[in-house]
Amino acid sequence: MTRIVDNERSWAINIISEINIFLRNNSLMIKRAGGETTVSSSSIRMFPDLLLYSDESMSQLLQGWELKMPDTPISDITFIKDATRKAKALGLDSFVVWNFNDCHLYTKQRDGSFTILKTWSSNLSHINNREKVSTYESDWKAVLFEVILDINEYYSTGTIKGNSLELVISENLYNAIILDYKEVTAQKLRNDSASNAVIESELRVWWDENKQEYLSDENSMYTAYAKVLLLNWINKFVFAHLIKRYHEPTRLVDSIDITKSAKEGVEIFEKITSECDFYNIFAPINLSENIPDETWAILVELNQFLLSNGLKSLNQDVLQSVLENTVLVSKREVSGQFTTPQDLADILVKVTMVNRKGMVIDPCCGTGSIPKSALNEKLRFMSPQEAYRTTWASDKFSFPLQITNISLTTSSSMEIPSRIFQNNVFYLREGMSVSITDPTDGSLIEHNIPLYDTIVSNLPFVPFEILSHDDKLKIEEIKKDVKESTNITLSGKSDLYAYIIFSLWNNLKIGGRLGIIVSNSWLGSDWGKLFRDALLWYFDLNEVILSGNGRWFDNAKVVTTIIILTKRQKSTPSNSSEITFSLLKKSLSEFASDEEMKNRLANTVLLDRTIDEGIVIRRKYTLEEVYNLSKKQLSWNALFFGASWVSEMDDSLKCVSKFFKVFRGERRGWDKMFYPEDGHGIESKYLKRVLKSSRSIGGLVAETDSDAFCCPETIEELERLGHIGAVNWIKQFENGVNNVGKPLVETLKRANMHWYEMRDDAAADLVTGMNPDKRLFVARFEEPSFINQRLIGFKTKNASVDVELCHALLNSMVGMYFIEALGFGRGLGALDINNKNLHKMMMLNPDKVSRASRDEILKKFQPLLEREILSTEEELTKEDRKEFDMAILRAFGLEDKYSEIKESLLTMQKSRLSVR
């Protein structure tokens, strides 16, 4: 690639010089013109040919000009579009187009479009070709100066406004480059993968371990990694220019121009990092060189723009603002849906870090929100040198460390090394050596990993299905250690964080605190029970914090908790130890606007007493109480909402499975075939009525809503019988494929069944829906009926079961509570329950109900049978519902528990639904 300078460009430089001479001789609000170094060989350039500034240091951009020779008409569509694109990229509200024959000023309208505000052309019509530009130079100069004076007037009156360099960088350029060059860079990665399988493998390994972070934004590994590459390069250029006056080696970035290749750019940044700190910022990431020429050209143009503008003159406050905004835009663009909000990071650090002087680490630091909070907390009590010395951060992947390094850099700490290093959390061990570059002289400093006083982290949200091979090997080691220490075998279905916690035990001092953000799945899942039991052998579980007012991660459909643990020697947990379950009443946005609120929450946790019930409601249980409540099949999620009253009901409860077989409806798949619509022509013999959806259940007496195709015969037998309707129906699907192209004949194959067969023996007396929403109910069929896979059925175990009474008891407020308390809320608010945990659910024991009480209960139940099912909140406002519930509670001598049960149920459901 060579530097291109043609006549047009020479004239652009000439115009810039003339404007600057004119500005020096006049006292205007416009102070400077620039643009001489924004030269690119790319057919599409990012920056205007000429820029006007409102300050001498060129940090306040006012307007961009696009310049052409007279042979390009002033109304040329490409000309106008190019100028518009560049104005938007810089966040400017006006631009000028000039061709020596005409000059037009465009300004931005409310709808984002640009329209002409003023034109200057009356005196230049004779300049109609390139040769005349030189001949009539004095003529166009006169108009040029008139244009400058008029624009200065528009600027003085506020008709047009500029944009600060810090905002241009952090709010405009990042977005513009990524938006314009993401796809072309992704295509280069695709092409390179086709010609080099190693590149494809690199990308697939990265995508397998990171796609959960990016799927909400990008569904292709090529486009996701293209964004990573672009952001990594932009960060390097911006950061290098920001710190040039503090670190002489970074001035090498000035040498990266259009004559240099991307490979040479990598080498220059490697030389920079060999002589100063910030390795994590300047070091190359995989495939750094695999960007197309047009992308590299625009990055070089960005570098030249940064070189020629006023970064070097920014004061420390503005410099700090640019650094912080750079981190924010980096996180927003590509760091993923689970990036820790800064306010949540602040809360985690405040409630966990007791010893501010001690060593702290975030071993899964991502983009650095949590280490930043820890550093800020330390800086309140100690010197920057001591704060940085005791704050550590690491991550498995190199790219997030670039953002972390920038996040931890301040304008006053550029000569203090940050203890940031790349490492898989499973391999973190005391005494392990890591190298940090001394920013003052470029020498390497070896540090040995200490035992930490505090570990704080938002652990990876990775389900067991997509764990990497290396992680699986470490997990097997952890499972073996846990088994040897506790005789508990952790489930292979545990989320990744469940294993990381046991690994981190090795990195804490005895008495050290571990504060982590994890999903709420451990509170109520089958694997979660084993995890909890084992966890209590390794740690004292001090506190679990849950939001009762919305999700903490807006972009992720997951509900999260904070767990605070204290390390102790491995031993049998003491039944007298206590666990606090804290429910936050304030949303994260409310904490964001109130620093004092964060401090009051921290005071509550650290002092272990409630300071402000308007912020948090705390409920404390001994481990023995927790175990007893767990035996009643309450998930730990229920413990946030007051569950002690359940312990007083021992004699009144019985497991549902004593009376019913609980099962999931017929699970077959491919509804188009098994649930035919009208006009199918199938013989009635092969059609069974079925309840297909819980949405069809309007009242507590359920009815079937669809036909199901249930045919046990062979095709040969059907043909012999002349049942051509069934034969034709099957043949419609025998050559079909599923959504991924697999033949239905293979997809639907089952042992001892025809591929087209669905059995109709899933007949239920009672039914409820999987993953209920606002309605909690168990409906009854008049006659046992067939249900499909989206429903859960209850089938009496013997004829002695009083179905009518059980139906009433299961729909009581107590019954609704035990349904809600079985599971935990998913990210969109649905209750995570299934037939397996419903099978274990407790219910009021019908054998304890006297004949007189039975009659009263069924009498009070009748009005509920005759109306539609309402949401739980609406139900509990109805007078007939209250009379029914009180009749049931009187039958068990529990009428004094009415208000307590109601409060527990309503607050638990309200919290679950608040995440929407």
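This is a predicted model: local features need pLDDT of at least 70, side-chain atom pairs count only at pLDDT 80 or more; totals for chains, interfaces and linings use all residues.
The residues concerned are L700, L776, F777, N811, M816, L864, R867, E868, I869, E875 and R881. The volume of the second largest cavity is about 70 Å³. A cavity is a set of points, on a 1 Å grid over the protein atoms alone, where a 1.4 Å probe fits but cannot get out, and a lining residue has an atom within 4 Å of a point. Grid points are joined across faces, edges and corners, and the volume is the space filled by probe spheres set on the points.

By this rule there are four cavities of 30 Å³ or more. The largest cavity has a volume of about 90 Å³, and its lining consists of N520, L546, S547, V559, N637, E820, G825, M908, S911, R912 and V915. Two elements give two or more residues to this lining, namely β15 (539-547) and α32 (898-913). Helix α32 gives the most, with three residues. By class, the lining of the largest cavity has four nonpolar, five polar and two charged residues.

## Model and conventions

Residue numbers start from 1 along each chain as its sequence is written, and side-chain values use heavy atoms, with hydrogens and water left out. Local features need a pLDDT of at least 70 and side-chain atom pairs count only at pLDDT 80 or more, whereas totals for chains, interfaces and linings use all residues.

The average pLDDT (the predictor's confidence in each residue, from 0 to 100) is 90 for the protein, and 94% of the residues score at least 70. Over residues 1-6 pLDDT stays under 50, and the model has 14 contacts beyond four places in sequence for these residues. A contact means heavy atoms within 4.5 Å.

## Overall architecture

The protein has 32 helices and 27 strands. Helices (H or I, at least four residues) and strands (E, at least two) are DSSP runs, numbered from the N terminus. Along the principal axes, the C-alpha atoms fill a box of roughly 110 × 75 × 55 Å.

Of the 916 residues in the protein, 58% are buried. Buried stands for under 20% relative accessible area, exposed for over 50%, and partly exposed for values in between (1.4 Å probe, protein chains only). Among contacts with a separation of 6 or more, 73% join residues 24 or more positions apart.

Five of the six residues of strand β5 (residues 103-108) are buried, so β5 is largely enclosed by the rest of the structure. Strand β4 (residues 94-98) pairs with β5 in the antiparallel sense over five bridges; strands count as paired if DSSP finds at least two bridges between them. In this pairing W98 stands opposite C103 in β5. The hairpin of β4 and β5 has four residues between the strands, and F100 there takes a positive phi near 70 degrees.

Strand β5 also pairs with strand β6 (residues 114-120), in the antiparallel sense over six bridges. Here H104 stands opposite T119 in β6. The hairpin of β5 and β6 has five residues between the strands, and G112 takes a positive phi near 90 degrees.

Helix α13 (residues 369-379) has nine of its 11 residues buried, so it is largely enclosed by the rest of the structure. The buried residues of α13 are S369, I370, P371, K372, S373, A374, L375, E377 and K378; lysine and glutamate, which this list includes, belong to the charged class.

T295 lies in helix α10 (residues 293-308). The relative accessibility of T295 is 0%, so T295 counts as buried. With neighbours within four places in sequence left aside, T295 is in contact with Y181, V184, T185 and L230.

## Asparagines with positive phi

Most residues other than glycine have a negative phi. N752 has a positive phi, near 60 degrees, and is not a glycine. N752 is found in the loop between α25 (744-747) and β24 (763-769), and is exposed because its relative accessible area is 74%.

N771 likewise is not a glycine and has a positive phi of about 50 degrees. N771 lies in the loop between β24 and β25 (779-787). At 23% relative accessibility, N771 counts as partly exposed.

Notes. On a 1 Å grid over the protein atoms alone, a cavity is a set of points where a 1.4 Å probe fits but cannot get out, and a pocket is an open set with protein on both sides within 12 Å along at least five of seven lines; lining residues have an atom within 4 Å of a point.
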